[in-house]
Amino acid sequence: MPSLNLKDADLYYHCLGAEGSNRSPVIMIHGLLLGNSATWYFGAASALAKSHRVVVYDLRGHGMSAKASQGYDLKTMVSDLKALFESQGFSRVSLVGHSYGALIALHFAKEFPDLVDKLVIVEGPLPPGRGLQIDEFLGLSADDQAAALPKDIQDQIAKGSRQAKKLIDRLSFLVTQTELIENLKQESDIDDADLRDLNLPVQLIYGTESQLVDVAQRLDRTLPKSHLSWLAGGHYLPSERPHDLAAIIGGFFP
């Protein structure tokens, strides 16, 4: 399994699709805490790989990437993404991100506009720490904590799967032994003026039951080349509506 060896973290990644395609390669980025590369691998990535070179990876501290106690701020995460981009020899790329992964993609495009062709933002929160209720979550009973998780993870826990145990163990590590929560709380919002300067096609995808409806509307109103699509569901659209989400993303990358 390939990994990218960085100074303070090793990142696991996986490549799908045929090399040498004349279409823009795509890097897909999952969200924090409950996400990993499987967020995309078993859904939109496999469908998109039929026509594009696709790379999925585990953020530092997540999935099969090495545990890291620090570096969960957007600046470092963008630097990790840049290192992955360069390791693949890409000259330009399109980015797809869910939740915090969407913000990593957005900040990468803002910092390196000449390297990005298209951008897909799925349930990206602004400001970054919006909806963060870790303290409240940790204060719940074990049953209530399980009930607050996405349904697919609840199902894995109910079955007692090894995957679910690994995910819960990694979640505990990220919350109690890293700077992730503090880094997230300290991240600031993006100014509308910076959003207006992002002159590339952006597909926005948000859930009709999401707590981020106003964020979707703000981004659609502010980004100069955006298109907003709604899916019935909440924040975890990659697991709630994988096929519908893959269809929208695939339609954005003909």
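Me: Is phenylalanine 112 buried, exposed or something in between?

Reply: Relative accessible area decides this: under 20% is buried, over 50% is exposed and the range in between is partly exposed, using a 1.4 Å probe and protein chains only. Phenylalanine 112 has 21%, so the residue is partly exposed. Phenylalanine 108, with 1%, is buried. Please bear in mind that this is a predicted model, in which local features need pLDDT of at least 70 and side-chain atom pairs count only at pLDDT 80 or more, while totals for chains, interfaces and linings use all residues. Residues are numbered from 1 along each chain as its sequence is written, and side-chain values use heavy atoms, leaving out hydrogens and water.

Me: How do I read aromatic pairs, and how many are there in the whole structure?

Reply: A ring pair is described by the distance of the centres and the angle of the planes. Rings of Phe, Tyr and Trp (its six-membered ring) pair when their centres lie within 6.5 Å; planes under 30 degrees apart are stacked, over 60 edge-to-face, and the rest tilted. Searching the whole structure gives five aromatic pairs. In one of them, phenylalanine 108 and phenylalanine 112 have ring centres 5.0 Å apart and planes at 55°, so the pair is tilted. For phenylalanine 252 and phenylalanine 253, the centres are 5.3 Å apart and the planes stand at 70°, so that pair is edge-to-face. Phenylalanine 252 is buried at 13% relative accessibility, and phenylalanine 253 is buried at 5%.

Me: At what angle do helix H2 and helix H3 pack?

Reply: Helix packing is described by the angle between the axes and the distance between them. Here the axes are lines fitted to C-alpha atoms over the stretch in contact, with angles from 0 to 180 degrees between N-to-C directions. Helices (H or I, at least four residues) and strands (E, at least two) are DSSP runs, numbered from the N terminus. H2 (residues 74–87) and H3 (residues 100–111) pack at about 75°, their axes 9 Å apart. They are therefore roughly perpendicular, a label for angles of 65 to 115 degrees; under 35 is roughly parallel, over 145 roughly antiparallel, and the rest oblique.

Me: Which residues of H2 and H3 meet?

Reply: Contact means heavy atoms within 4.5 Å. Among the H2 residues that meet H3 are Leu74, Leu81 and Phe85, while H3 brings residues including Tyr100, His107 and Phe108.

Me: In what order do the eight strands lie in the sheet?

Reply: Strands of a sheet pair through backbone hydrogen bonds, parallel or antiparallel. Two strands pair if DSSP finds at least two bridges between them. The eight strands make an open sheet ordered S1-S2-S4-S3-S5-S6-S7-S8, with mixed pairing. Strands S1 (3–5) and S8 (226–231) are the edges, each pairing on one side only. From one strand to the next, the twist averages 20°.

Me: Where are the parallel and antiparallel partners?

Reply: S7 (residues 202–207) runs parallel to S8, joined by six bridges, and isoleucine 205 stands opposite serine 229 in S8. S1 pairs with S2 (residues 10–16) in the antiparallel sense over three bridges, and a hairpin connects them through four residues. Asparagine 5 has aspartate 10 in S2 as its bridge partner. S2 also runs antiparallel to S4 (residues 54–57), with four bridges; there, histidine 14 stands opposite valine 56.
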